[in-house]
Amino acid sequence: MKFVIVFAAFFAVALAAPLDSAQDAQILRYDNDNIGVDGYNYAVETSDGKSVSEQGVVKNVGTEQEAISVQGQYSYVGPDGVTYTVTYIADENGFQPQGAHIPQAA
């Protein structure tokens with residue numbers, strides 16, 4: 001059940017940027033290869049330049065250390081016309097994003 005909540009949250013965040021009211025984005029690609037109790041895998045690409053893909057697996061099934069481990073990426077075109085891409089890992093150590101435009105801790 002935890003992974004369903006995490007899946008829904010990441011999916012909503014990745015596609016939540018508001019659309020230009022003059023343009024309705026169309027889904028160009030939607031892949032949903034595996035959604036089950038042990039993990040999931042999906043990808044979405046829209047005509048306005050957004051894309052998201054993510055894979056999640058349950059680790060340490062049946063133990064007190066059971067956790068979901070997620071790897072993914074999302075991209076979008078910013079107001080400046082630049083395409084921004086964020087890759088991330090989300091697991092028992094938290095959300096760990098990386099991107100050329102994201103400041104890194106020293």
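Let me start with a term: buried means under 20% relative accessible area, exposed means over 50%, and partly exposed lies in between, with a 1.4 Å probe and protein chains only. Take N60 as a test case. N60 has a relative accessible area of 44%, so N60 is partly exposed. N60 sits in the loop between β3 and β4. N60 also has a positive phi of about 55°, although N60 is not a glycine.

Now the ground rules. This is a predicted model, where local features need pLDDT of at least 70 and side-chain atom pairs count only at pLDDT 80 or more, while totals for chains, interfaces and linings use all residues. Residues are numbered from 1 along each chain as its sequence is written, and side-chain values use heavy atoms, with hydrogens and water left out.

Next, the sheet. Strands here are DSSP runs (E, at least two residues), and helices are runs too (H or I, at least four residues), numbered from the N terminus. Two strands pair if DSSP finds at least two bridges between them. In general, strands of a sheet pair through backbone hydrogen bonds, either parallel or antiparallel.

In what order do the six strands of the open sheet stand? The order is β1-β2-β3-β4-β5-β6, and the pairing is antiparallel. β1 (27-36) and β6 (94-98) stand at the edges. Each has a single partner strand, so one side of each is left without a neighbour in the sheet. Neighbouring strands of this sheet are turned by 10° against each other on average, direction ignored. For that angle, axes are lines fitted to C-alpha atoms, for helices over the stretch in contact, and angles run from 0 to 180 degrees between N-to-C directions.

Let's walk across the sheet. Strand β2 (residues 39-46) and strand β3 (residues 51-59) run antiparallel, joined by seven bridges. E45 stands opposite S51 in β3. β2 and β3 form a hairpin with four residues between them. In that turn, G49 has a positive phi of about 95°.

On to β4. Nine bridges join β3 to strand β4 (residues 67-77), again antiparallel. V52 has Y74 as its bridge partner in β4. Keep Y74 in mind.

Then β4 pairs with β5 in the antiparallel sense, over eight bridges. Here S75 stands opposite T85 in β5. The hairpin of β4 and β5 has five residues between the strands, and G81 takes a positive phi near 85°.

Last step. Strand β5 (residues 83-91) is joined to β6 by five bridges, antiparallel. A90 stands opposite F95 in β6, and D91 has G94 as its bridge partner. How many residues lie between β5 and β6 in their hairpin? There are two.

Now the side chains. In a regular strand they alternate between the two faces of the sheet. A nonpolar core is a set of buried Ala, Val, Leu, Ile, Met, Phe, Trp, Tyr and Cys residues joined through side-chain atoms within 4.5 Å. The largest one here has ten residues, including V52, Y74, Y88 and A90. β2, β4 and β5 each supply at least two residues of this core.

Aromatic pairs next. Rings of Phe, Tyr and Trp (its six-membered ring) pair if their centres lie within 6.5 Å; planes under 30 degrees apart count as stacked, over 60 as edge-to-face, and the rest as tilted. The whole structure holds four such pairs. Why is the pair of Y74 and Y88 called tilted? Their ring centres are 6.2 Å apart and their planes stand at 45°, so the pair is tilted. Y74 is in strand β4 and Y88 in strand β5, 14 residues apart. Both Y74 and Y88 are buried. Y88 also forms a tilted pair with F95, at 5.4 Å centre to centre and 40° between the planes. F95 is partly exposed, at 41% relative accessibility. Together, Y74, Y88 and F95 form one aromatic cluster.

Finally, charges. A salt bridge is a side-chain nitrogen of Lys or Arg within 4 Å of a carboxyl oxygen of Asp or Glu. The count comes to three. D48 meets K50, with the closest N and O atoms 3.1 Å apart. Are D48 and K50 buried or exposed? Both are buried. E92 and K59 meet at 3.1 Å, N to O. That pair links distant parts of the chain: E92 is in the loop between β5 and β6, K59 is in strand β3, and they are 33 residues apart. K59 is partly exposed, at 28%. D31 bridges to R29 at 3.2 Å between the closest N and O atoms. D31 has 30% relative accessibility, so D31 counts as partly exposed. R29 is partly exposed too, at 36%.
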